[in-house]
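This briefing goes through a single chain by topic. The sequence and structure come first, and the notes follow.

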Amino acid sequence: LNFRWKPGRIDRRPRQVAPHQPRFEWRMWFAALGSVQHNAWLVSFVDKILAGCPCVIDLLDEPELIAKTKRIHMVRAQLY
(Lines give C-alpha, C1' and ligand atoms only; values in the text may rest on other atoms or scores of the structure.)
Protein backbone atom coordinates (compact mmCIF):
# COMPACT_ATOMS: atom_id res chain seq x y z
CA LEU A 1 0.00 0.00 0.00
CA ASN A 2 1.11 3.50 -0.71
CA PHE A 3 0.53 6.02 2.03
CA ARG A 4 -0.18 9.65 1.29
CA TRP A 5 2.91 11.12 2.92
CA LYS A 6 5.37 8.20 2.74
CA PRO A 7 8.06 8.48 0.07
CA GLY A 8 7.47 5.82 -2.50
CA ARG A 9 7.05 6.41 -6.22
CA ILE A 10 10.30 7.71 -7.71
CA ASP A 11 8.53 9.46 -10.60
CA ARG A 12 6.92 11.94 -8.20
CA ARG A 13 8.52 14.36 -5.77
CA PRO A 14 7.72 13.91 -2.06
CA ARG A 15 4.69 15.76 -0.70
CA GLN A 16 6.46 16.84 2.45
CA VAL A 17 9.83 18.19 3.46
CA ALA A 18 11.61 17.53 6.77
CA PRO A 19 11.28 18.38 9.62
CA HIS A 20 7.50 18.07 9.09
CA GLN A 21 6.39 14.51 9.82
CA PRO A 22 2.73 13.64 9.23
CA ARG A 23 1.32 12.03 12.38
CA PHE A 24 0.04 8.78 10.89
CA GLU A 25 3.26 7.88 9.10
CA TRP A 26 5.20 8.88 12.21
CA ARG A 27 3.14 6.45 14.32
CA MET A 28 3.67 3.68 11.78
CA TRP A 29 7.43 4.21 11.93
CA PHE A 30 7.41 3.78 15.71
CA ALA A 31 5.00 0.83 15.49
CA ALA A 32 7.64 -1.01 13.48
CA LEU A 33 9.99 -0.67 16.45
CA GLY A 34 7.56 -2.30 18.88
CA SER A 35 5.25 -5.28 19.10
CA VAL A 36 1.66 -5.69 17.99
CA GLN A 37 0.63 -5.84 21.67
CA HIS A 38 1.85 -2.25 22.10
CA ASN A 39 0.25 -1.09 18.85
CA ALA A 40 -3.32 -2.34 18.90
CA TRP A 41 -4.33 0.63 16.74
CA LEU A 42 -2.44 -0.97 13.82
CA VAL A 43 -4.63 -4.09 13.95
CA SER A 44 -7.71 -1.85 14.00
CA PHE A 45 -6.32 0.10 11.03
CA VAL A 46 -5.89 -3.08 8.96
CA ASP A 47 -9.37 -4.23 9.97
CA LYS A 48 -10.84 -0.94 8.72
CA ILE A 49 -8.90 -1.16 5.45
CA LEU A 50 -10.41 -4.58 4.83
CA ALA A 51 -13.88 -3.22 5.67
CA GLY A 52 -13.38 -0.35 3.20
CA CYS A 53 -13.84 2.41 5.81
CA PRO A 54 -13.73 5.71 3.83
CA CYS A 55 -11.96 7.65 6.61
CA VAL A 56 -9.14 5.10 6.73
CA ILE A 57 -8.91 4.62 2.96
CA ASP A 58 -8.46 8.39 2.68
CA LEU A 59 -5.13 8.06 4.54
CA LEU A 60 -3.76 6.04 1.63
CA ASP A 61 -2.38 7.18 -1.70
CA GLU A 62 -4.35 4.62 -3.68
CA PRO A 63 -6.66 6.33 -6.22
CA GLU A 64 -8.47 3.08 -7.11
CA LEU A 65 -9.42 2.48 -3.49
CA ILE A 66 -10.59 6.05 -2.98
CA ALA A 67 -12.68 5.85 -6.18
CA LYS A 68 -14.01 2.46 -4.99
CA THR A 69 -13.02 0.75 -8.23
CA LYS A 70 -10.73 -1.61 -6.33
CA ARG A 71 -11.00 -3.25 -2.92
CA ILE A 72 -8.44 -4.88 -0.65
CA HIS A 73 -9.21 -8.46 0.33
CA MET A 74 -6.05 -9.42 2.21
CA VAL A 75 -3.22 -7.65 4.01
CA ARG A 76 0.12 -9.26 4.74
CA ALA A 77 2.45 -7.79 7.34
CA GLN A 78 5.99 -8.99 7.80
CA LEU A 79 8.26 -8.53 10.77
CA TYR A 80 11.90 -8.29 9.81
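Contact means heavy atoms within 4.5 Å. This is a predicted model, in which local features need pLDDT of at least 70, side-chain atom pairs count only at pLDDT 80 or more, and totals for chains, interfaces and linings use all residues. Residues are numbered from 1 along each chain as its sequence is written, and side-chain values use heavy atoms, with hydrogens and water left out. The chain has 4 helices and 0 strands, where helices (H or I, at least four residues) and strands (E, at least two) are DSSP runs numbered from the N terminus.

**Overall**

- From the N terminus on, the order of elements is α-α-α-α.
- Of the 80 residues, 21% count as buried; buried means under 20% relative accessible area, exposed over 50%, and partly exposed in between (1.4 Å probe, protein chains only).
- The chain exposes about 6700 Å², and carbon and sulfur atoms supply 59% of this area. Accessible areas come from the Shrake-Rupley method with a 1.4 Å probe, and for residues only the protein chains shown count as cover.
- Among contacts with a separation of 6 or more, 38% join residues 24 or more positions apart.

- Helix H1 spans residues 23-31 and contains Trp26.
- Phe24, Glu25 and Ala31 are the buried residues of H1. Viewed down the axis of H1, these residues fall within an arc of 115 degrees, so they line one face of the helix; the arc is that of the directions from the helix axis to the C-beta atoms.
- The buried residues of H1 pack against helix H2 (40-51).
- On the face of H1 turned away from the buried side are the exposed residues Arg23 and Trp29.

**Nonpolar surface patch**

- Trp26, Trp29, Phe30 and Leu33 form a nonpolar patch on the surface, and together they have about 480 Å² of accessible area.
- Patches are made of residues with over 30% relative accessible area and no salt bridge; like charges are joined within 9 Å, and nonpolar side chains (Val, Leu, Ile, Met, Phe, Trp, Tyr) within 5 Å. A salt bridge is a side-chain nitrogen of Lys or Arg within 4 Å of a carboxyl oxygen of Asp or Glu.
- Trp26 is partly exposed, at a relative accessible area of 41%.

**Nonpolar core**

- The largest nonpolar core has 11 residues: Phe3, Phe24, Ala31, Trp41, Phe45, Ile49, Val56, Ile57, Leu60, Leu65 and Ile72. At least two residues of this core come from each of H1, H2 and helix H3 (54-57), and H2 gives the largest share, 3 residues.
- A nonpolar core is a set of buried Ala, Val, Leu, Ile, Met, Phe, Trp, Tyr and Cys residues joined through side-chain atoms within 4.5 Å.
- Ile57 is in contact with Ile49, Gly52, Leu65 and Ile66, leaving aside its neighbours within four places in sequence.
- Val56 belongs to helix H3 and is buried at 10% relative accessibility.
- Not counting residues up to four places away in sequence, Val56 touches Phe45, Lys48 and Ile49.
- The C-alpha atoms of Val56 and Val46 are separated by 9.1 Å, the two residues being 10 apart along the chain.

**The loop between H1 and H2**

- Asn39 lies in the loop between H1 and H2.
- With a relative accessible area of 11%, Asn39 is buried.
- Asn39 touches Ala31 and Gly34, with residues up to four places away in sequence not counted.

- Arg4 is in the segment before H1 and is partly exposed, at 25% relative accessibility.
- Arg4 and Leu60 are 56 residues apart along the chain, and their C-alpha atoms are separated by 5.1 Å.
- Lys68 is in the segment after helix H4 (63-66) and counts as exposed at 66% relative accessibility.
- The phi of Lys68 is near 65 degrees, a positive value in a residue other than glycine.
- Arg76 is also found in the segment after H4, and at 70% relative accessibility Arg76 is exposed.
- From C-alpha to C-alpha, Arg76 and Val46 are 9.6 Å apart in space and 30 residues apart in sequence.
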